Amino acid sequence: MTVEVLIPAYNEEKNIGRVIASLKKLSLIDKIIVIDDGSRDKTAVIARQLKAHVISLRENRGKGAALLEGFKSSRGDIIVFLDADLVNLTSRHVINLLLPVIKEEAVMTVGIFNQGRFATDFAQKITPFLSGQRAFQRWFLEEFFAENDDIEQLRYGIEVSLTLYARKRGIKVIEVPLSHLTHVMKEEKLGLIPGMVARAKMYRDIVFSFGSKIKL
Ligand SMILES: O=c1ccn([C@@H]2O[C@H](COP(=O)(O)OP(=O)(O)O)[C@@H](O)[C@H]2O)c(=O)[nH]1
Ligand SMILES: O=C(O)[C@@H](COP(=O)(O)O)O[C@H]1O[C@H](CO)[C@@H](O)[C@H](O)[C@H]1O
């Protein structure tokens, strides 16, 4: 059984090193694949220095397309999605996300921030289906990506689509609390106004994904 981690990353030079370093401590992980989604900063350079496998997309294509490209070059029996901007990531978080999938108690797990920062805990409490921290049995992603040809349009709608796809098929999903884990919020990364604009665009992607041609 092999485990591979996919990390989509867009302008994450301040964060990606920390996340890769945490993952390197875990011998259970066979490969870390960073999909540099057209970053204009040193994201790819840093990921390569830390011996992650890096796929560089020439242009920014959005999170959904980045994950699709990462999945195409993966081989793992179990695939983990993690964001590049996590803060306080430990081996225990990854193990907890993986265990139900390894034990075949779940086809997909969804990690939920808790006991971390109020703002990010609260966001995931009310919208757990948005979480980017997930583990999967490979066959589920194979079917999801093969059956849906509009992944490129989804961008931030990828998580909602995965959750809806699993739900409509009655696929077993387990939510896993990830204590003390948080991430860098858009307003912290980009500044208040650009962050709010980016957030509005993300919500637009999410709303569109509910009406997308995704096969349910
Ligand atoms: O066009 C994009 C936008 C985001 N991301 C990555 O997707 C993850 C989640 O994005 P972000 O942190 O912006 O979302 P948030 O968690 O703030 O909603 C991060 O690793 C981003 O670098 C990406 O690969 N391409
Ligand atoms: O939790 C949320 O409301 C959003 C926004 O997080 P922040 O407001 O930047 O902490 O973040 C999530 O949603 C995106 C869309 O599903 C995912 O791509 C991110 O991984 C996830 O953190």
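What follows is a set of questions about labels and the values behind them.

Mentor: Two ground rules come before the labels. This is a predicted model, where local features need pLDDT of at least 70, side-chain atom pairs count only at pLDDT 80 or more, and totals for chains, interfaces and linings use all residues. Residues are numbered from 1 along each chain as its sequence is written, chains are lettered from A and ligands numbered from 1 in the order in which they are written, and side-chain values use heavy atoms, with hydrogens and water left out.

Trainee: What pLDDT does the chain average?

Mentor: The average is 96, and 98% of the residues score at least 70. pLDDT is the predictor's confidence in each residue, from 0 to 100. For the complex, the predictor gives an ipTM of 0.96 and a pTM of 0.97.

Trainee: Why is K51 called exposed?

Mentor: Exposed means over 50% relative accessible area, buried under 20%, and partly exposed in between (1.4 Å probe, protein chains only). K51 has 66% relative accessibility, so K51 counts as exposed. K51 sits in the loop between helix 2 (43-49) and strand 3. Helices (H or I, at least four residues) and strands (E, at least two) are DSSP runs, numbered from the N terminus.

Trainee: What phi does K51 have?

Mentor: Its phi is positive, about 70°, although K51 is not a glycine. Most residues other than glycine have a negative phi.

Trainee: Which loop holds E104, and why is E104 called exposed?

Mentor: E104 is in the loop between helix 4 (91-102) and strand 6. Its relative accessibility is 64%, so E104 counts as exposed. E104 also has a positive phi, near 60°, and is a residue other than glycine.

Trainee: Why is T90 called partly exposed?

Mentor: T90 has 36% relative accessibility, so T90 counts as partly exposed. T90 lies in the loop between strand 5 (86-87) and helix 4. T90 and V19 are 71 residues apart in sequence, and 8.9 Å apart in space, C-alpha to C-alpha.

Trainee: What makes strand 4 and strand 7 a pair?

Mentor: Two strands pair if DSSP finds at least two bridges between them. Strand 4 and strand 7 (residues 134-137) have 4 bridges, in the antiparallel sense. There, F81 stands opposite R134. Strand 1 (residues 3-9) and strand 4 run parallel, joined by 4 bridges, with V3 opposite I78.

Trainee: Which way do the residues of strand 4 point?

Mentor: I78 and V80 point one way, I79 and F81 the other way, and all are buried.

Trainee: In what order do the strands form the sheet?

Mentor: The order is 3-2-1-4-7-6-8, an open sheet of 7 strands with mixed pairing. The edge strands are strand 3 (53-57) and strand 8 (173-179), as each pairs on one side only. Strand 6 (residues 108-114) runs parallel to strand 8, with 7 bridges. M108 stands opposite V173 there.

Trainee: Which residues form the nonpolar patch on the surface?

Mentor: L192, I193, M196 and V197 form the patch, with about 400 Å² of accessible area together. Patch residues have over 30% relative accessible area and no salt bridge; like charges are joined within 9 Å, nonpolar side chains (Val, Leu, Ile, Met, Phe, Trp, Tyr) within 5 Å. A salt bridge is a side-chain nitrogen of Lys or Arg within 4 Å of a carboxyl oxygen of Asp or Glu. Areas come from the Shrake-Rupley method with a 1.4 Å probe; for residues, only the protein chains shown count as cover.

Trainee: Why is V197 called partly exposed?

Mentor: V197 has 43% relative accessibility, so V197 counts as partly exposed. V197 lies in helix 10 (residues 192-210).
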